[in-house]
Amino acid sequence: MSGTPTPPSAPWPSAHIDAVARLRAIAAARPHLAYRERTVAAPFELVWSIFGDLEHAVPEFDRYVRWIRITARDGERLALESGGPVPGLRMRFEAIHRPGFCVMRAFAAEVGMAASPIGPAATRIAHFEGSRFLGPVGRWLFLRTIGGELETVARLCEARSEATARDAAATGAG
Amino acid sequence: MHEPEQEQVREAQRGDILAMSRLLDELSPFVARLCGGIALEHGDDAAQEALVQILRDLPTLREPGALRGWARRIAVREAIRHAQRGRRHGGVDAQAIDESDSRAVIPVHAADPAVALDVRSVLERLSPEQRAILVLRDLEGLSEDEAAAQLGVATGTVKSRLARAREAFRKRWTE
């Protein structure tokens, strides 16, 4: 071979940066954010249909959120309102929401969720919560709750995955 | 970088997580390419660490227009560091070959998995520093002066390392 090198169409190896890796990077740059991950024994599409369903599923796994309503949507940009245990107290969020990734910020709160497939039957999920006004104390408080939230998400996803598999087996046997 | 992108960098510097997310959308493919090409099997870890450092150190970037070059330096540094650490823990040890012919090329056959595998197996036998030079010059299209600035070495050093890296690649490819 001789002549001038001709980038960039060479099949060079590329690293893989998935949604969970991106959420990790954001959490690492914001020290007041409480951050946790875990693996769920369910396929990615099923997991994100629950974990990423802001209006229906988030109130099921986050006990401090009673309701969420999407008030505006422009592609992956969302405006949201949420209500918690204190009656009449609402928070307004702006969010980016796409398959496997969601970050939301309100005046006093930041929330992030991400999911990445591990093969066809498992998913890595990640979650952060925090408030820039509460600092390290807030981080300590949120760390006490977000682990349990991910456990609940995993339980919901794995139960639905098992139910789906049972239905498929029954249909196949029928 | 034009004004809307500079404003996005400033918002991310102020800690806006939505702006950080959009910044990652722009930077991730480029960081993945650099880290994968230099650190190979350690590329995922190098890319993760690079993104953490980029976002964490973003407030120190004085000129938003310099984001890409600044992020590239971080990614290359992390990729070389991870590759060197991998070698110390039993990775492939490459031999630098001192050859005079600097006109060798990198094969650029696209969309052929067999060729991709061959390219990777040859890259594994180069040193991380040789891969970094090839990535910056032949993949990213930087000039020798720009590559030297990225790596913190003299331009003459880039010229000689590039010649050796290209010849090492050519020699391995034709074995």
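At what angle do helix α4 (residues 67-88) of chain B and helix α6 (residues 128-139) of chain B pack, and how far apart are their axes? The legends below start with that pair; bear in mind that this is a predicted model.

**View 1. Helices α4(B) and α6(B) pack at an angle of about 150 degrees.** Their axes are 9 Å apart. Angles over 145 degrees count as roughly antiparallel, and that is therefore how α4(B) and α6(B) are described relative to each other. As for handedness, the crossing of α4(B) and α6(B) is right-handed. Zoom in on the residues that meet: α4(B) brings Val76(B), Ile80(B), Ala83(B) and Gln84(B), while Pro128(B), Glu129(B) and Ala132(B) come from α6(B).

**View 2. The largest nonpolar core has 94 residues.** Six of these touch the most other members: Val47(A) from chain A, plus Val31(B), Cys35(B), Ile38(B), Leu51(B) and Ala79(B) from chain B. Helix α2 (residues 17-39) of chain B is the top contributor, giving 13 residues to this core. As background, nonpolar side chains in soluble globular proteins tend to be buried together.

**View 3. Leu51(B) has contacts in both chain A and chain B.** Set aside its neighbours within four places in sequence, and what is left from chain A is Ile17(A), Ala21(A) and Ala25(A). Val31(B) and Leu51(B) are both among the core residues that touch the most other members.

**View 4. Leu156(A) sits in helix α4 (residues 135-173) of chain A.** Is Leu156(A) buried or partly exposed? Being buried takes 20 or more other C-beta atoms within 10 Å; Leu156(A) has 19, so it counts as partly exposed. Beyond its neighbours within four places in sequence, Leu156(A) is in contact with Ile50(A), Glu60(A) and Phe61(A). Phe51(A) is 105 residues away along the chain, yet its C-alpha atom and that of Leu156(A) are separated by 9.3 Å.

**View 5. Chain A has four helices and seven strands.** Reading from the N terminus, the elements go α-β-α-α-β-β-β-β-β-β-α. The C-alpha atoms of chain A fill a box of roughly 75 × 55 × 30 Å along the principal axes. Of its 174 residues, 37% count as buried. Among chain A contacts with a separation of 6 or more, 52% join residues 24 or more positions apart.

Conventions:
Residues numbered from 1 in each chain as written. Chains lettered and ligands numbered in written order. Predicted model: local features only at pLDDT ≥ 70, side-chain atom pairs only at ≥ 80, totals over all residues. Helix = DSSP H or I, 4+ residues; strand = E, 2+ residues; numbered from the N terminus. Buried ≥ 20, exposed ≤ 12 C-beta atoms within 10 Å, placed from the backbone. Contact = placed C-beta atoms within 7 Å. Core = buried A, V, L, I, M, F, W, Y, C linked by C-beta atoms within 7 Å. Axes fitted to C-alpha atoms, helices over the stretch in contact; angles between N-to-C directions. Parallel < 35°, antiparallel > 145°, perpendicular 65-115°, else oblique. Left-handed = near helix turned anticlockwise from the far one by under 90°.
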